[in-house]
Amino acid sequence: MNGHGDGNGNGNGNGGFSGVEWDYIRRHHRHEPADNQCSSALVKHIKAPVHLVWSLVRRFDQPQKYKPFVSRCVAQGNLEIGSLREVDVKSGLPATTSTERLELLDDEEHILSIRIVGGDHRLRNYSSIISLHPEIIDGRPGTLVIESFVVDVPEGNTKDETCYFVEALIKCNLKSLADVSERLAVQDRTEPIDRR
């Protein structure tokens with residue numbers, strides 16, 4: 001796995017991840033990329049509690065709740081392993097549709113894994129894992145989100161180019177997930193009346 005950092009300036013020997021982040025990556029984000037594949041993980045810290053962030057992430061049937069590039073989604077089955085979704089992608093990206101299969105939905109550990117099985121794009125053998133972990137941010141319940149992927153490197157592209165492209169998409173998704181979650185968290189939050 002390419003150790004790519006989280007954009008929060010966490011630099012150390014683990015490719016830019018903190019010890020805690022690296023632990024979760026080792027535990028939940030095991031990809032074994034072949035020679036013609038690239039793999040990476042990204043991290044986002046969100047100022048909203050896990051249950052709230054998970055309520056958005058777990059909706060395999062409604063990725064447009066936070067993914068800015070999804071215009072519509074039609075899911076088959078009722079969110080069990082093997083369910084498929086047809087995703088329409090907004091114009092501007094080098095794709096219009098993607099067919100994706102639910103590989104894992106773990107409500108206890110807060111892990112969602114999907115695999116792309118079709119569509120008119122260049123992401124062949126793409127699979128991703130997203131995991132959520134509780135943390136405290138500025139004294140309030142927050143969420144550490146880790147998203148990792150593995151994908152074939154298309155003919156004529158380098159591993160770096162491929163990783164950079166996919167990471168850019170994931171960064172947009174995670175930023176949007178943070179924005180939506182943090183907005184909901186502010187609406188949810190009630191200050192204690194009796195402050196001493």
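Modeller: Happy to! In this predicted model, the axes of helix 2 (residues 50-57) and helix 3 (residues 159-188) come within 10 Å and cross at roughly 130 degrees. Axes here are lines fitted to C-alpha atoms, for helices over the stretch in contact, with angles from 0 to 180 degrees between N-to-C directions. Helices (H or I, at least four residues) and strands (E, at least two) are DSSP runs, numbered from the N terminus.

Biologist: What does that make helix 2 relative to helix 3, parallel or oblique?

Modeller: Helix 2 is oblique to helix 3. Under 35 degrees counts as roughly parallel, over 145 as roughly antiparallel, 65 to 115 as roughly perpendicular, and the rest as oblique.

Biologist: And is the crossing of helix 2 and helix 3 left-handed or right-handed?

Modeller: Right-handed. That term applies if the near helix is turned clockwise from the far one by less than a right angle, and left-handed if anticlockwise.

Biologist: Which residues make the contact?

Modeller: Helix 2 brings Leu52, Val53, Leu56 and Val57, while helix 3 brings Leu177, Val180, Ser181, Leu184, Ala185 and Asp188. Contact means heavy atoms within 4.5 Å. The residues of this contact divide into eight nonpolar, one polar and one charged. For those classes, Ala, Val, Leu, Ile, Met, Phe, Trp, Tyr, Cys and Pro are nonpolar, Asp, Glu, Lys and Arg are charged, and the others, Gly among them, are polar.

Biologist: Is helix 2 mostly covered or mostly open?

Modeller: Mostly covered, with six of its eight residues buried: Val50, Leu52, Val53, Trp54, Leu56 and Val57. Buried means under 20% relative accessible area, exposed over 50%, and partly exposed in between (1.4 Å probe, protein chains only). The cover includes strand 1, strand 4, strand 5, strand 6, strand 7 and helix 3.

Biologist: Over to helix 1, then. Which of its residues are buried?

Modeller: In helix 1 (residues 19-28), Glu21, Tyr24, Ile25 and His28 are buried. Seen down the helix axis, they fall within an arc of 100 degrees, so they line one face of helix 1. The arc is taken from the directions from the helix axis to the C-beta atoms.

Biologist: What do those buried residues pack against?

Modeller: Strand 1 (37-46), strand 5 (111-119), strand 6 (127-137) and strand 7 (140-152).

Biologist: Could you zoom out for a second? How many helices and strands does the protein have?

Modeller: Three helices and seven strands, running α-β-α-β-β-β-β-β-β-α from the N terminus on. Of the 196 residues, 43% count as buried.

Biologist: Now the loops. Which residues have a positive phi?

Modeller: His110, with phi near 60 degrees, is one of them, and Asp138, at about 50 degrees, is another. Most residues other than glycine have a negative phi. His110 is in the loop between strand 4 (97-106) and strand 5, and is buried, with a relative accessible area of 19%. Asp138 lies in the loop between strand 6 and strand 7 and counts as exposed at 64% relative accessibility.

Biologist: And where is Arg124?

Modeller: Arg124 lies in the loop between strand 5 and strand 6, partly exposed at 42% relative accessibility. Arg124 touches Gly119, Val151 and Asp152, leaving aside residues up to four places away in sequence. Arg124 and Asp152 are 28 residues apart in sequence and 5.5 Å apart in space, C-alpha to C-alpha.

Key: Residues are numbered from 1 along each chain as its sequence is written. This is a predicted model: local features need pLDDT of at least 70, side-chain atom pairs count only at pLDDT 80 or more; totals for chains, interfaces and linings use all residues. Side-chain values use heavy atoms; hydrogens and water are left out.
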